[in-house]
Amino acid sequence: MRALLVFAGLLAVAFGTENFVGHQVLRISAADEAQVDKVKVLEELEDLQLDFWRAPVHPELPIDVRVPFASLQGVKVYLESHDIDYSIMIEDLQELVDEEQLYMSRRHFMPLSVETFNYASYHNLDEIYDFMDVLAAEKPNLVSKIQIGRSYEGRPINILKFSTGGVKRPAIWIDTGIHSREWVTQASGIVFAKKLLDGYGKDASVTSILDNFDVFLEIVTNPDGFAFTHSKNRMWRKTRSINSGSSCVGVDPNRNWDAGFGVAGSSGNPCSETYRGPHANSEPEVKAIVDFVKSHGNIKAFVSIHSYSQLLLYPFGYTSKKAADAQELDALAKEAVDALSSLHGTIYKYGSIITTI
């Protein structure tokens, strides 16, 4: 096993990609607040390089963490010494990454049209942007592409506009992929786009929405991070901006909004996966959205799609104060969760962000 790890490490260096051989994902079950606090101690130990997929919050929720091979023994001994239960969710993360890459290579081809595009495979940034061009060319009276800015590394930040006509009509904003490694969200954004394109004039719900609203869809909200997940590090989550005074790169764009900036749920440590950045809207990827939404002035719904966990969340995430329309949001969330369950049997938990996660 050790020989394989060394060999894999040499390959990773040769090809310049991050390697996850021997990394395990543990599911930790804290019995009480005291055990949650013990796990939080691990979270603060940067040398362990732990990647919390589900952070330690309270005993009712499991804690999921990716542990590098070099830290495995120490983490397990620590948990066992404090009688904290855990199980192994993923035995070797690299095996899953390799399977994913193999599947992509077998089912992969460039889009020739909206109909021949491979919706069953993940795609890189260039292919998704090509898909957006093909989509806009297919029905230019319904779909257009808009560049709303450029990323830290200079990549275009593109969105799709679905509209049946008019200027600054009431609109719905949807973004996917703000956390770059959540590939299923960008893939979902592609499917959303196809659904809107095909559904108008055929599907009653889609037709009703587009007759009354414009829809703005940002499929790749964090283009630099997304490109990096394909070229260097599959588990990269943040942006790729340089942090002054730190060797750690990137900001969590979902903690960079000017809404409760710097309070609960974010970190001031540039090496943290939830680093909020030096100031609100510091990331050009976030600032581009903020400027667009403000200049439009008639956005009626703002929806951000994430992966991992089955949750439907509404404001707020930084304060326990209820939103002005909390009762309506809760009723709408329940209706959506019930409808989803009736169709697929999938069980989603819903509620305000701060009380639900």
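Helices and strands are here DSSP runs, numbered from the N terminus, with helices of at least four residues and strands of at least two. On that basis, H179 falls in the loop that lies between strand β7 and helix α6. The model described below is a predicted one.

**The loop residue H179**

- H179, in the loop between β7 and α6, has a relative accessibility of 2%, and because residues under 20% relative accessible area are classed as buried, H179 counts as buried.
- Leaving out residues up to four places away in sequence, H179 touches Q186, R237, D252, P253, N254, R255 and H306.
- H179 and E127 are 52 residues apart along the chain, and their C-alpha atoms are separated by 19 Å.

**The nonpolar cores**

- The largest nonpolar core is made up of 28 residues, and L135, L160, F162 and I219 are those with the most contacts inside it.
- Two or more residues of this core are given by each of the elements α5, β6 (156–162), β7 (171–176), α6, α7 and β8 (214–218), and the largest share, 7 residues, comes from α5.
- I219, one of the residues with the most contacts inside the core, is in contact with I128, M132, L160, T176, G177, Q186, G189 and I190 once its neighbours within four places in sequence are left aside.

**Helix contacts**

- Two packed helices are described by the angle between their axes and by the distance between those axes.
- Helix α5 (residues 125–138) and helix α6 (residues 183–199) have axes that come within 11 Å and cross at roughly 5°; since angles under 35 degrees count as roughly parallel, α5 and α6 are therefore roughly parallel to each other.
- On the α5 side this contact is made by I128, F131, L135 and E138, and on the α6 side by Q186, I190, A193 and L197, a set that divides into 6 nonpolar, 1 polar and 1 charged residues.
- The axes of α6 and helix α7 (residues 204–212) come within 9 Å and cross at roughly 90°; because angles of 65 to 115 degrees count as roughly perpendicular, α6 and α7 are roughly perpendicular to each other.
- In this second contact, α6 takes part through K195, L196 and G199, while α7 takes part through V206, T207 and L210, and by class the residues are 3 nonpolar, 2 polar and 1 charged.

**The open sheet**

- Four strands form an open sheet in the order β2-β3-β1-β4, and their pairing is antiparallel.
- The edge strands of this sheet are β2 (51–54) and β4 (85–90), each of which pairs on one side only, and the twist from one strand to the next averages 30°.
- Within the sheet, strand β1 (residues 24–29) pairs with strand β3 (residues 63–67) in the antiparallel sense over 5 bridges, and R27 has D64 as its bridge partner in β3.

**A residue of helix α2**

- A34 belongs to helix α2 (residues 33–43) and is partly exposed, with a relative accessible area of 48%.
- A34 and H58 lie 24 residues apart in sequence, with a C-alpha to C-alpha separation of 9.6 Å in space.

**Local features of the backbone**

- The peptide bond that runs from P315 to F316 is cis, with an omega near 5°, and F316 lies in the loop between β10 (311–314) and α10 (326–344).
- K168, which is not a glycine, has a positive phi of about 50°; K168 is placed in the loop between β6 and β7 and is partly exposed, at a relative accessible area of 46%.
- S309, also a residue other than glycine, has a positive phi near 85°; S309 lies in the loop between β9 (299–305) and β10 and is partly exposed, with a relative accessible area of 23%.

Methods: Residues numbered from 1 in each chain as written. Predicted model: local features only at pLDDT ≥ 70, side-chain atom pairs only at ≥ 80, totals over all residues. Heavy atoms only, no water. Pairing = 2+ DSSP bridges. Axes fitted to C-alpha atoms, helices over the stretch in contact; angles between N-to-C directions. Parallel < 35°, antiparallel > 145°, perpendicular 65-115°, else oblique. Contact = heavy atoms within 4.5 Å. Nonpolar A, V, L, I, M, F, W, Y, C, P; charged D, E, K, R; others polar. Core = buried A, V, L, I, M, F, W, Y, C linked by side-chain atoms within 4.5 Å. Buried < 20%, exposed > 50% of the residue type's maximum accessible area, 1.4 Å probe, protein only.
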